[in-house]
Amino acid sequence: MTAGRSLMPLAKRIIPCLDVDRGRVVKGVNFVGIRDAGDPVEIARRYNEEGADELTFLDITASHEDRDTTAHTVEKIAREVFIPLTVGGGVREVSDIRTLLNAGADKVSINTTAIHNPDLVRQAAERFGSQCIVVAMDVKRVESAETMPRYELFTHGGRKPTGIEAVAWAQKMAALGAGEILLTSMDRDGTRDGFELVVTRAIADAVDIPLIASGGVGSLAHLAAGILEGGADAVLAASIFHFGEFTIPEAKSYLADQGIEVRI
Amino acid sequence: MSALTESDVTHDPAVIGAADRVVFPGVGAIRDCMAEIKRLRCDQLLKSALADGHKPVLAICVGMQALLSRSEENGGVETLGIIPGDVRFFGQDLKDPEGNRLKVPHMGWNEVSQKVKHPLWADIEDRARFYFVHSYWASPVSEEVVAGTFDYGLEGCAALAKDNLFGVQFHPEKSHRAGLQLLHNFLMWNGTC
């Protein structure tokens, strides 16, 4: 190793997240210079130009019929955006994953279905390779009289408890072949209070696969904390980028100043 | 960028035979990939494209891994044997030189050290970052074919070059400017080194 060279050349990733309903971005995007803030293609193109390391596209469309729109949107994005694209939301079967990969997704994220049918993760990893299978986990801190406080998986946007303990679940998913964990703290999501670092660290240490931290980012310091204290390999955020508070280059230069390896 | 380019996604021997250049991409696990490659006779098509001697061929990710002799993935799979060597698992206890644990898959933007001068590296800085996502890495027998390396607990083959063949472990199509430059270079390449 030559002096001054990082020992860990792999860059930490910054991932903007788009919530998309029937082909339109919701939870508003408020970029200067964007003509149509609801157009996922235009927003994706903008993040691609700014130097985002990856994009996550979360389909929150309620009805199954409208999901064709998703594949179509993914196709349009993939034609113009030359960074990795993760697509999640409503993935139920191996054929859903195939459709999204064929449309141009690089990774597909499985959330609720992994809870009802963990074998889907194994089948998908065997069929398409672990590298494109992301397991998304929505967790909340649970206090009870009988046990120590712990983190459990929730479904339905954090409303429905499952009783499943988060760290053991992440390990199980990794063992089944997941290639990455997308961890969202439902306690922090939308609060701008920063990542839930305790559970982030616990899972990052417990699994050998990369971890994306999500939920609660309100400042650039939160991004750095997710990596340095939470041990995350990538950090995901929506509003701080969508509303033009910070650009991707600003976030990267901040992280670089904290000694974090980033792709400039 | 180039004024070309028509591309076809095909396994039709006539189309591939008539093509000016061939891309052999790949995403997925090796056993199913090899099964499909054989079922569609892509192994023969690829070998004749390479035998042509000057038709540029670009193999990507699993496409590159399939060129070697054998892969450890899916319990061990015989592959095309065009480039002698093995494809190996990173291992569960991968560590950096300071002893910190490294996650597998090797996923994200890593630097590529260029080991040879090659038309496909034109206008790309040495140690530019490309996007990688893989749990297995190619280890060709001959170091002479290694055109670029990555560093991730070990020094692995990021790119290989032999005659009219160029193979990359990373995804140029997902590697933003450096990746688009490499694809542009491929379109400009006449298949010689």
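A polar contact is a pair of N or O atoms within 3.5 Å; within protein, one of the two must be able to donate a hydrogen and the other to accept it, and residues adjacent in sequence count only if both atoms are side-chain atoms. With that rule, the count between chain A and chain B is 16 residue pairs, both residues at pLDDT 80 or more.

This is a predicted model, in which local features need pLDDT of at least 70 and side-chain atom pairs count only at pLDDT 80 or more, while totals for chains, interfaces and linings use all residues. Residues are numbered from 1 along each chain as its sequence is written, chains are lettered from A and ligands numbered from 1 in the order in which they are written, and side-chain values use heavy atoms, with hydrogens and water left out.

**View 1. Here chain A meets chain B.** Contact means heavy atoms within 4.5 Å, and 37 residues from chain A and 32 residues from chain B take part. About 3,100 Å² is buried between the two chains, and carbon and sulfur atoms give 54% of that area. Buried area is the accessible area (1.4 Å probe) that two parts lose on being put together, summed over both. On the side of chain A, L10(A), F82(A) and D208(A) lose the most area to chain B, together 21% of what that side buries.

**View 2. Salt bridges cross the interface.** A salt bridge is a side-chain nitrogen of Lys or Arg within 4 Å of a carboxyl oxygen of Asp or Glu. The rule finds five of them between chain A and chain B. One joins K174(B) to D106(A), with the closest N and O atoms 3.0 Å apart.

**View 3. Look for H176(B) in helix α5 (residues 176-188) of chain B.** Helices (H or I, at least four residues) and strands (E, at least two) are DSSP runs, numbered from the N terminus. Buried means under 20% relative accessible area, exposed over 50%, and partly exposed in between (1.4 Å probe, protein chains only). At 6% relative accessibility, H176(B) therefore counts as buried. A polar atom of its side chain lies 2.7 Å from the backbone oxygen of N48(A). Leaving aside residues up to four places away in sequence, H176(B) touches several residues, including E49(A), F82(A), R263(A) and W109(B).

**View 4. Helix α2 (residues 30-39) of chain B has a buried face.** Its buried residues are I30(B), C33(B), M34(B) and I37(B). Seen down the helix axis, they fall within an arc of 95 degrees, so they line one face of α2(B). The arc is that of the directions from the helix axis to the C-beta atoms. These residues pack against β1 (22-24), α3 (42-51), α4 (62-65), β3 and β4 of chain B. After α2(B) comes R41(B), whose phi is positive, near 60 degrees.

**View 5. Four strands of chain B form an open, mixed sheet in the order β4-β3-β5-β8.** Two strands pair if DSSP finds at least two bridges between them. β4 (77-78) and β8 (136-140) stand at the edges with a single partner strand each, so one side of each is left without a neighbour in the sheet. Strands β3 (residues 70-71) and β5 (residues 85-89) run parallel, joined by two bridges: R70(B) stands opposite D86(B), and S71(B) has V87(B) as its bridge partner. β5(B) and β8(B) pair in the antiparallel sense over five bridges; here R88(B) is partnered by W137(B).
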